[in-house]
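Here is a note for someone opening this structure for the first time. Please read the points in order, with the model in view.

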Amino acid sequence: MLVRNLFEPYEIEYKELDECPVGSHRNTFFELVYIVKGLGTHCVEKNKFEYDPGTLFLLLPQHVHSFQVSERTSFLFIRFNDIYLKAQKVKSQHSNLGEWIQKLEYILESNYHLPGCVLHNRNDKPLVAALIDGVIREYVNQQEMHREVVQQIVNTIITIVARNIRIIGAANLPAESDHSAEIIRYIHEQIPFPEKLKAGVIAGHFNISPAIYTNISENTPAKVCSNTSPATGSGSSRPGSATAPCG
């Protein structure tokens, strides 16, 4: 099977295709695929998803996928890897961007993500459409500093995708109590920061007593709360993460 690599931190490609020139393949990086116009089917692993204008797919590293084009389709591909995400980090007491990027890396690799259209927040769809239009204009016109402009827009799109993954995750989380869903999401996002996973810190963050937090954690699936310990508060490391002319 074809395996595609990315030799730059990020890459933008805009194509209009009547058919996908390659079959099923894997990528070693993240890929956002936006459907500007056209109809067809996106095959991911053993799943098939119909697409139309405004559909945005997020492909994780090692996803097996392909496209079946039913009507001439305009694709915008945004490809990026861990190197790109890490390059956005800054260490400054006046900025929380570095911490935000670490959270973003975990969110993108979250098991809550499903391979269909990632835009579940209705308000985000027109916003993403406008941002995509901006990327295409910069890509086509190649004006001065277009790469810097595109990079800022790409970061915004990635952030919106992360927000939608959080929405998907919240919808799929158990609701044993008024706090449990938010606590579970907090734990997932704070895994890179062990000091924030202590039971007392978590309880303080949600303004609840340690006893209430302990009761919630005892009634939450172990795979979610196994990263924290009431005694030590130690966290586990973030799991390791996992394109093509037509994706």
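1. A residue is called buried when its relative accessible area is under 20%, exposed when it is over 50%, and partly exposed in between, using a 1.4 Å probe and protein chains only. By that rule R79 is buried, since its relative accessibility is 0%. The model is predicted, so local features need pLDDT of at least 70 and side-chain atom pairs count only at pLDDT 80 or more, while totals for chains, interfaces and linings use all residues. Residues are numbered from 1 along each chain as its sequence is written, and side-chain values use heavy atoms, leaving out hydrogens and water.

2. What does R79 pair with? R79 forms a salt bridge with E11, and the closest N and O atoms are 2.6 Å apart. A salt bridge here is a side-chain nitrogen of Lys or Arg within 4 Å of a carboxyl oxygen of Asp or Glu. The two partners come from distant parts of the chain: R79 sits in strand β7 (residues 64–80) and E11 in strand β2, 68 residues apart. Helices (H or I, at least four residues) and strands (E, at least two) are DSSP runs, numbered from the N terminus. Whereas R79 is buried at 0%, E11 is partly exposed at 31% relative accessibility.

3. The R79–E11 pair belongs to a network of salt bridges that links E11, E13, K15, E31 and R79. In total, the structure holds nine salt bridges.

4. Strands β7 and β2 are also linked by R72 and E16, which are 56 residues apart. These two side chains form a salt bridge with 3.4 Å between the closest N and O atoms. R72 counts as partly exposed at 42% relative accessibility, and E16 is partly exposed at 33%.

5. Another salt bridge joins two helices. D124 and R163 meet at 2.4 Å, N to O. D124 is in helix α3 (residues 124–141) and R163 in helix α4 (residues 146–172), 39 residues apart.

6. The structure holds eight aromatic pairs. Rings of Phe, Tyr and Trp (its six-membered ring) pair if their centres lie within 6.5 Å; planes under 30 degrees apart count as stacked, over 60 as edge-to-face and the rest as tilted. Y10 and Y84 make a tilted pair, with 5.2 Å from centre to centre and 55° between the planes. This pair connects distant parts of the chain, with Y10 in strand β2 (residues 10–17) and Y84 in helix α1 (residues 82–87), 74 residues apart. Both are buried: Y10 has a relative accessible area of 11%, and Y84 has a relative accessibility of 2%.

7. Ring pairs also link Y51, F57, F67, F75 and F77 into a cluster.

8. The last point concerns a loop residue. T55 lies between β5 (47–51) and β6 (56–59) and is buried at 7% relative accessibility. A polar atom of the T55 side chain lies 2.8 Å from the backbone oxygen of D52. Which residues does T55 touch, leaving aside its neighbours within four places in sequence? T55 is in contact (heavy atoms within 4.5 Å) with V33, Y34, I35 and C117.

Definitions and conventions
A polar contact is a pair of N or O atoms within 3.5 Å; within protein, one must be able to donate a hydrogen and the other to accept it, and residues adjacent in sequence count only if both atoms are side-chain atoms.
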